[in-house]
Amino acid sequence: MNTRLTQLLDVKYPIIQAPMFLVSNVAMVTEAMKGGIAGCIPALNYRTLEELRAAIRELKANKVEGGAFGFNLIVNKSNLKYKEQLRVLCEEGCDFIITSLGSPEETIKQAHKVGIKVFCDVTDLRFAQKVEQLGADAAIAVNNEAGGHRGDLSPQELTSLLNANLNIPVISAGGVGRKTDIDKMLSYGAEGVSVGSPFIASIEAGVTDEYKQACVDYGAEDIIMTERISGTPCTVINTPYVQKIGTKQTWIEQILNKNRKLKKWVKMIRFSIGMKATEKAAKKATYKTVWVAGPSIEHTNEILPVKDIVAKLVD
């Protein structure tokens with residue numbers, strides 16, 4: 001499975017353990033590296049810069065040949081910590097950064113100065129061409145089978161489109177739960193895959209056993225879109241609580257979202273409320289279960305160590 005991604009990151013297999021808010025942690029990424037793949041953690045999983053710095057140092061100490069580690073940065077104005085997080089990553093060093101939800105220009109400029117690769121989340125050709133022009137090392141094609149905030153195009157449509165029009169590697173994100181899925185993405189022209197939801201049901205994941213078990217008990221048909229977390233459609237497991245609260249914005253939010261001046265603030269408030277609800281569900285047992293996941297949990301049959309999940313993906 002030698003591809004441009006394995007060459008870029010010097011990993012054994014062309015797989016990135018995707019960064020997942022509240023879920024990803026040092027233990028997961030350490031085991032991912034031991035399995036010969038890359039692992040990534042959202043910088044926002046750390047409340048302070050000191051905690052982020054400590055995580056980087058621990059991962060550097062745990063790094064093994066054939067593995068790589070990186071961090072995900074939200075690069076728009078909603079992340080007030082963005083510039084400081086980027087500074088710490090560049091000071092301490094990591095193998096790669098994945099950018100989301102904004103222009104990656106400053107991240108690419110600063111990261112390349114210290115030899116860090118930058119991969120950018122994209123959902124369409126226009127933005128993919130833009131990040132290529134800015135100097136991105138790869139485009140992560142977020143398709144309509146991804147968990148969380150997903151794209152609109154199918155894995156085949158998006159991967160084939162980007163592969164035909166870009167010179168940088170395309171990494172397919174979404175719809176991978178087993179090796180046959182990886183083979184399919186590579187056949188579309190992907191140089192690697194980003195896999196998230198199957199790793200939620202891992203021993204090392206930093207969430208409740210209830211959340212992990214839900215990824216075993218529910219399947220692809222149980223994944224629905226909701227606007228009640230961030231204001232932007234997001235995939236969640238269709239639990240009884242999600243059914244109870246509904247998946248659409250309230251009528252007040254709908255009215256306020258039509259006001260240009262208020263729209264930004266309404267979205268920020270909805271994001272804050274949604275994130276708190278998601279964190280409570282992920283970190284402690286509660287009937288208010290808002291669990292983010294993608295349809296690739298279809299192939300999750302038990303809670304396993306990360307190393308066994310990696311083995312399932314490459315065997």
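Asp181 is buried, with a relative accessible area of 4%. Buried stands here for under 20% relative accessible area and exposed for over 50%, with partly exposed in between (1.4 Å probe, protein chains only). The model is predicted: local features need pLDDT of at least 70, side-chain atom pairs count only at pLDDT 80 or more, and totals for chains, interfaces and linings use all residues. Residues are numbered from 1 along each chain as its sequence is written, and side-chain values use heavy atoms, with hydrogens and water left out.

Asp181 forms a salt bridge with Lys184. The closest N and O atoms of this pair are 4.0 Å apart. A salt bridge is a side-chain nitrogen of Lys or Arg within 4 Å of a carboxyl oxygen of Asp or Glu. Lys184 is partly exposed, at a relative accessible area of 38%. Both residues lie in helix α8 (residues 179–187), three residues apart, or about one turn of the helix. Helices (H or I, at least four residues) and strands (E, at least two) are DSSP runs, numbered from the N terminus. An α-helix has 3.6 residues a turn, so residues three or four places apart point the same way.

The structure holds eleven salt bridges. Side chains of opposite charge can pair when their charged atoms come close. Another of these pairs is in helix α2 (residues 26–34), where Lys34 and Glu31 are three residues apart, about one helical turn. The closest N and O atoms of Lys34 and Glu31 are 3.2 Å apart. Lys34 is exposed at 54% relative accessibility, whereas Glu31 is buried at 18%.

Glu92 forms a salt bridge with Arg57, with 2.9 Å between the closest N and O atoms. This pair links distant parts of the chain. Glu92 is in helix α4, Arg57 is in helix α3 (residues 49–62), and 35 residues separate them. Glu92 counts as buried, at 11% relative accessibility. Glu92 and Arg57 also belong to a network of salt bridges. The network links Arg53, Arg57, Glu84, Arg87, Glu91 and Glu92.

Helix α3 also contains Ala55. Ala55 is buried, at 4% relative accessibility. Leaving aside residues up to four places away in sequence, Ala55 touches Val26 and Tyr46. Contact means heavy atoms within 4.5 Å. Ala55 and Asn25 are 30 residues apart along the chain. Their C-alpha atoms are separated by 8.5 Å.

Parallel strand pairing was examined next. Strand β4 (residues 96–100) and strand β5 (residues 117–122) pair in the parallel sense over four bridges. Two strands count as paired if DSSP finds at least two bridges between them. Ile97 stands opposite Val118 in β5. From β4 the chain crosses through helix α5 (residues 105–113) to β5. This β-α-β crossover is right-handed. That is, with the strands pointing away from the viewer, the path from the first strand over the helix to the second runs clockwise.

Strand β5 also runs parallel to strand β6 (residues 138–142), and four bridges join the two. Asp121 has Ile140 in β6 as its bridge partner. The chain passes from β5 through helix α6 (residues 125–134) to β6, and this β-α-β crossover is right-handed. In a regular strand the side chains alternate between the two faces of the sheet.

In helix α5, Thr107, Ile108 and Ala111 are buried. They lie on the same side of α5, because they cover an arc of only 95 degrees around the axis. The arc is that of the directions from the helix axis to the C-beta atoms. The buried residues of α5 pack against β3 (68–74), α4 (82–92), β4, β5 and α6. Gly115 follows α5, and its phi is positive, near 80 degrees.

The structure holds zero disulfides. A disulfide is a covalent bond between the sulfur atoms of two cysteines. It is assigned to a pair of cysteine sulfur atoms within 2.5 Å. The sulfur of Cys90 has its closest cysteine sulfur in Cys94, at 7.6 Å, which is too far for a bond. Cys94 is likewise in no disulfide, and its nearest cysteine sulfur is that of Cys90. Cys90 is buried, with a relative accessible area of 17%. Cys94 is buried as well, at 9%.
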